[in-house]
2 protein chains.
Amino acid sequence: MFDPVEKLKEYIRQPSVSADPAYADGMKGARELVGGLLRDIGLAVEYVPTPGHPVIVAKRDGDPAWPHVIIYGHYDVQPPDPLELWTTPPFDPVERDGRLWGRGTADNKGPLMAHIAGVGRLLESDPQLPLRLTFVVEGEEEVGSKHFKDFLREHRAKLAGADFVFLSDTGIPNADQMVITVGLRGMVCFEVELSNARMDLHSGMNGGVLLNPIQGLAELCASLHTPDGRVNIPGFYDDVIEVEQWERDQLVKLGLKEKDYAEFLGIERFHTPPGYTPFEAIRFLPTLEFNGFGGGYQGEGSKTVIPSKARVKISCRLVANQTPEKMKPIIFNAIRDRAPQGLKLKITDQHDAMPYVVIPPDRSNTPKDQPAVLARAFRATEKAVTEVWGKPPLYLREGGSVGLIADLKKELNLDAIMLGLFLPEDNLHAPNESFKLSLLHKGIDTVQRILRAVARG
Amino acid sequence: MFDPVEKLKEYIRQPSVSADPAYADGMKGARELVGGLLRDIGLAVEYVPTPGHPVIVAKRDGDPAWPHVIIYGHYDVQPPDPLELWTTPPFDPVERDGRLWGRGTADNKGPLMAHIAGVGRLLESDPQLPLRLTFVVEGEEEVGSKHFKDFLREHRAKLAGADFVFLSDTGIPNADQMVITVGLRGMVCFEVELSNARMDLHSGMNGGVLLNPIQGLAELCASLHTPDGRVNIPGFYDDVIEVEQWERDQLVKLGLKEKDYAEFLGIERFHTPPGYTPFEAIRFLPTLEFNGFGGGYQGEGSKTVIPSKARVKISCRLVANQTPEKMKPIIFNAIRDRAPQGLKLKITDQHDAMPYVVIPPDRSNTPKDQPAVLARAFRATEKAVTEVWGKPPLYLREGGSVGLIADLKKELNLDAIMLGLFLPEDNLHAPNESFKLSLLHKGIDTVQRILRAVARG
């Protein structure tokens, strides 16, 4: 089979920046390199067009009774700017200190290479493996996977009958501790505008006679939390699933220290709802955060104006089992109720994502019915990780939102096994991105073990 | 004497925009035109340098026993942009519909011309008039009179022994109703910043663990007013002088209608503290207004960030007898007390102005000792206005702040008689500025009558 490190270098040399049309050649080059590798290891490759960058779909068909695994990855990378901060050029990969340096090494070219090479080695050693595989490698993850949901809907047939999704596009705290991400928060994003007079007013000529929209909006915003850090909206927490002790225990094993986290953030104190550590609050609780507030004059010095309007951008992170459909009316109605009388209120719904959670078998006190192949895959993952890393993985939810995981769950009802391969120091989305090559090799080994066990039990 | 309309046209042709160095020739031309006129009517003219534009000082000396009146005006104008909205060019004055059109016709070249021509005619008809006069015509009123206070301090001797200041740089509601402005609000401007984490944070990775500075600032701002529209700071109203019935009566005579005002503003309802109409609140009550609030992402769409800081710009209008020196600690201490614990607070003091009030004689229930010449000038003003306009003036406080009036009071202990000459429809600071020529002529007449009576009783 091909040399995964050499092929990864070749892959990095294709500057596949999806956000910038100037990199169209790099996108094509990266796509064809991945397609070529997948063809080389025996899969049938197709480039499925979308209104944006095509999706690579590569299949190994077989007996419908065989398990069917979808492997997800993306071939696009973040823009490399600012270029002057790179020690070596972003698209000219260099090996140094056991790492490969270059844009996309960690996000997501290195981890995807672990899956391609893992599958390649597995099929080389076991050509009769009773396993169906579908690689789905998109080209728009770094621009919000904007056509991915439509792709899933339109090409449902290509993905029919799959048992779970397998991917490596999450992180681990250090090279010695594997983490399987088992939950992501969902999201509701919207903007609230309050307006009053038809134009900005002179605060001397008119100050003191009308409600200033900044004041009205500040009062509205101030009503949305209680002093102890909870969201002050009736029903906001109703659907939140209770955290189980095993989840808290997993976090304790992660060994994070509040003091270190506070120092990293540069804050004097945390502000989490009672009963939750900061590490728990990030993962297990929904939030209502103000992402931007703007109104009136914001330049240098002063301008004595009463603005005609003020706006706030709000995002709510949701956790299982909340849904944007149910939460939006709860949140919007509270805002409508509390908006000061006499001001004009406008709520602009922006976008949202479902939260995601999957409970690994043998963990929950209240186990759910789980497809047999998924349960087998989780058990295979625990065994493989324990063999390769010397200790079992941790199963953790994360605070962020990954829309495509929620989309795969919603559109195809598929759960995901997220095998983390990048590290905090890998500089994702920043200059001097790199990927630890020992994790590439461990990843290749682990992928083979997991898929072999899924296929052969 | 010169023809005041022709000279005003010549004066308008000098584009004296103080804000833009490209108009240096226009500033010089306007200055020399005013200086020339003042010399022509018999005054000794001097251009007093400042770090910015020079101040024209023109004196008629005499027996120290004679009353001494300072006449204030400014020779600079607002920039004419946007030029495309002018019907006729801003610096090419045109007479039409009984008005002179052009930049500065109303603010302040026309009204100042009424004073120059009034004094000219008076001295022509009564060369032995026992009156000392000092014109002080500054060139930086439209850029905040930034060197005027220093000018007053450094050239105190030139203005020593004056009895009052006479000027026309205020407005009247219609051409038939003279208003003497007897009060202006003062001001305290400052900025409040709250910050927390050392950088903007991802609202997924970190949302729900720390107090968002936008939230902290919204809660702080929301604490500063009561629901009934008062400022919620202990001691905020302690020094406010009680409104007397005659002042409320004057406002009633002005005949403004709340419905019209609400329509003009485009608001659904007023929000004034109990016991005050909107017209009273503007004039008689202090305020705390939010002029600008900024934090986080304010562009299109959404960005799920927790900003590291948020800022609000606040201005408080003050009324007699409040002082910035006493109010600032009261306001700043309330903000310090209420700033959420754990966030870093920064208050930046920007600038302030004293409020101003003068009680015309025979009005107050509790008359103050007033210099005899000032009292005589007020009585002369009432008589002259009644003769020229056919009815007495109204004495009204205004909601705005005019720093130079407060400066003249503070530095020289001089009160002002503010004879209004411009109209709401004159388009001050806007395209198509104009000045009603009948008010120029009435102004010239009134100025003569007032000054003759001040001099001769």
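## Contacts between the two chains

Two residues are in contact if their C-beta atoms, placed from the backbone, lie within 7 Å. By that rule, 63 residues of chain A are in contact with 63 residues of chain B. On the chain A side, these residues divide into 24 nonpolar, 30 polar and nine charged. (Ala, Val, Leu, Ile, Met, Phe, Trp, Tyr, Cys and Pro count as nonpolar, Asp, Glu, Lys and Arg as charged, and the others, Gly among them, as polar.) β11(A) gives the most to this side, with nine residues. Helices (H or I, at least four residues) and strands (E, at least two) are DSSP runs, numbered from the N terminus.

Before you explore further, keep in mind that this is a predicted model, where local features need pLDDT of at least 70, side-chain atom pairs count only at pLDDT 80 or more, and totals for chains, interfaces and linings use all residues. Residues are numbered from 1 along each chain as its sequence is written, while chains are lettered from A and ligands numbered from 1 in the order in which they are written.

Now look at β11 in both chains. β11(A) and β11(B), residues 289-296 of chain B, run antiparallel and are joined by five bridges; strands pair if DSSP finds at least two bridges between them. One of the partners to look for is B:Gly296, which bridges to A:Gly292.

## How the copies are related

Chain A superposes on chain B with a rotation of 180 degrees and 0.1 Å of shift along the axis, at an RMSD of 0.1 Å.

## Two residues with positive phi

A:Ser145 sits in the loop between β6 (132-138) and α4 (148-154) of chain A, and its phi is near 45 degrees, a positive value in a residue other than glycine. B:Asn413 sits in the loop between α11 (403-412) and β17 (416-419) of chain B, with phi near 55 degrees.

Are they buried or exposed? A residue is buried if 20 or more other C-beta atoms lie within 10 Å of its own, exposed if 12 or fewer, and partly exposed in between. A:Ser145 counts as buried because it has 20 C-beta neighbours inside 10 Å, whereas B:Asn413 counts as exposed because it has 9.

Conventions:
Least-squares fit on C-alpha atoms with pLDDT ≥ 70 in both.
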